[in-house]
Amino acid sequence: MSERDGNDMRELLGETAERATRFIESLPDRRVAPERGASELASALGGALPRHGMPASEILARLDEIGGQGVTASAGPRYFGFVTGGALPASVAASWLATVWDQNAFSEVSSPIGAAIERVAMRWVLEALDLPAGSGTAFVTGATMANFTALAAARRAVLLAHGHDVDRHGLRDAPEITVVVGEQAHATLFKALGMLGLGRDRVVRVPADDQGRMRADALPALAGPAIVCTQAGNVNTGAFDPVGAICDAVRADDVRVHVDGAFGLWARASSRLGALAAGVERADSWATDAHKWLNVPYDSGLAIVRDAVALHGAMSIRADYLPNRSRRDPFEFTPETSRRIRGAEVWAAIASLGRNGIAELVEHHCRQARRFAAGLRESGAEVLNDVVLNQVLVAFGDDAVTAEVIRGVQRDGTCWCGGTSWNGRAAMRISVSSWATIDEDVERSIDAILRVAADVTGGSESPSDTAK
Ligand SMILES: *Cc1c(COP(=O)(O)O)cnc(C)c1O
């Protein structure tokens, strides 16, 4: 353990590259569902705590050979579960190098490259999404934490407007904040509210329309302090709340409008899709993921807050051994302090796509989603949503039949789709989010889904009847 042996490292990383490449090459034809479940894998990997350590190459072999059996092929071209981006080659490579660097990206002193690459990557993100250039920003683990971070800034700002510094004095003597959410807000938003002491249930729920959009006409009359949580991209339908109209309706010094745009915010990179997300830029803060539609490896989320001072006030800390307040160090804006260099993958992904590439990626997925909808509808399946983005909801009959088709598709292994419930009906969710998905994968997946559906419904829907 005490010896440094460069040759061993060269061999180990060479072996890692070899095994990783084999995995990537297996993806186009690999069963999408894993071969083994978690408890089986845990016994295979586990046993008692080893008394002695094992050589690294043996550890790698075990991880690859045992662990590989439990890998969902979500990095591959036919995984349509949840909203799961693949990982662009440039961002995977950047992630490897950044891991070897092992930087603590909390400050300029601990890692100049960490601070610099985040600054550049975030400036590109703001340009691509057309959000205010001077915003306070944070690289975090995902949209859950991005919602938390942005809402912490909102909580600070709306209470400061009433003379209360919540970050110093807590919520106990604070004026009550009215929190408004859409009926179809994402489950993680409620968790963020809970973590902030605002309460998961202590919210005013605004009714949504049949696509899950918050109804601006149903907003209550608001008195501040208040935070309105909107959504750009419903996790089931892809629909956007009318964020611009909501901003107009509630604008006040002690009211903040937040947008959960975990994947949908990226639609703003496309001029074709821009109309969908018009007005989103008028909000006060935004949360999004890079690991979903931008296709960087997990885990990567971004919080963006127009009022950089509020974000700084909520997140900065002081200690004698820490750098002086520069208002530039990443840790002054993030909930975590020590952190890996998450900006590297985002920078690499955007460098490899460019502005046009991001737009093409999201437009391509929207086209593929429409192709899914058309192909499945032609064979008698029912598409339950307006396919405005990359999300498709499909029913194959009554709830029991749809559930059976979803199980069958997952077992079949050609592709993977999850389930949900929409307007009281069971539905299969198809989310097209990976750069790796080519049109042929969509056709293969439609065929597989129809084959399974035909089996379940007793042959009434045969893929051979499908008009292509
Ligand atoms: C995925 C998602 C989240 C949660 O994001 P994580 O990256 O899993 O933390 C929040 N909101 C919406 C709309 C999402 O789609």
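Visitor: In which loop does Asp299 lie?

Guide: This is a predicted model, in which local features need pLDDT of at least 70 and side-chain atom pairs count only at pLDDT 80 or more, while totals for chains, interfaces and linings use all residues. Residues are numbered from 1 along each chain as its sequence is written, and side-chain values use heavy atoms, with hydrogens and water left out. A cis peptide bond, with omega about -10°, joins Tyr298 and Asp299. Helices (H or I, at least four residues) and strands (E, at least two) are DSSP runs numbered from the N terminus, and Asp299 lies in the loop between strand E6 (285–289) and E7.

Visitor: Which face-forming residues of H4 are buried, and within what arc do they fall?

Guide: Buried means under 20% relative accessible area, exposed over 50%, and partly exposed in between, with a 1.4 Å probe and protein chains only. In H4 the buried residues are Ser91, Ala94, Ser95 and Ala98. Taking the directions from the helix axis to the C-beta atoms, these buried residues line one face of the helix, because they fall within an arc of 105°.

Visitor: Against which helix do the buried residues of H4 pack?

Guide: Contact means heavy atoms within 4.5 Å. By that criterion, the buried residues of H4 pack against helix H11 (343–378).

Visitor: What is the relative orientation of H11 and H13?

Guide: Axes are lines fitted to C-alpha atoms, for helices over the stretch in contact, and angles run from 0 to 180 degrees between N-to-C directions. H11 and helix H13 (residues 439–456) pack at an angle of about 30°, with their axes 10 Å apart. Angles under 35 degrees count as roughly parallel, over 145 as roughly antiparallel, 65 to 115 as roughly perpendicular and the rest as oblique. H11 and H13 are therefore roughly parallel.

Visitor: Is Phe82 buried or exposed?

Guide: Phe82 is found in the loop between H3 and H4, and its phi is near 45°, a positive value in a residue other than glycine. Most residues other than glycine have a negative phi. With a relative accessibility of 53%, Phe82 counts as exposed.

Visitor: With which residues is Ile66 in contact, leaving aside its neighbours within four places in sequence?

Guide: Ile66 lies in helix H3 (residues 56–67) and is buried, its relative accessible area being 16%. The C-alpha atoms of Ile66 and Leu45 are separated by 7.2 Å, although the two are 21 residues apart along the chain. With those sequence neighbours left aside, the contacts of Ile66 are Leu41, Ala44 and Leu45.
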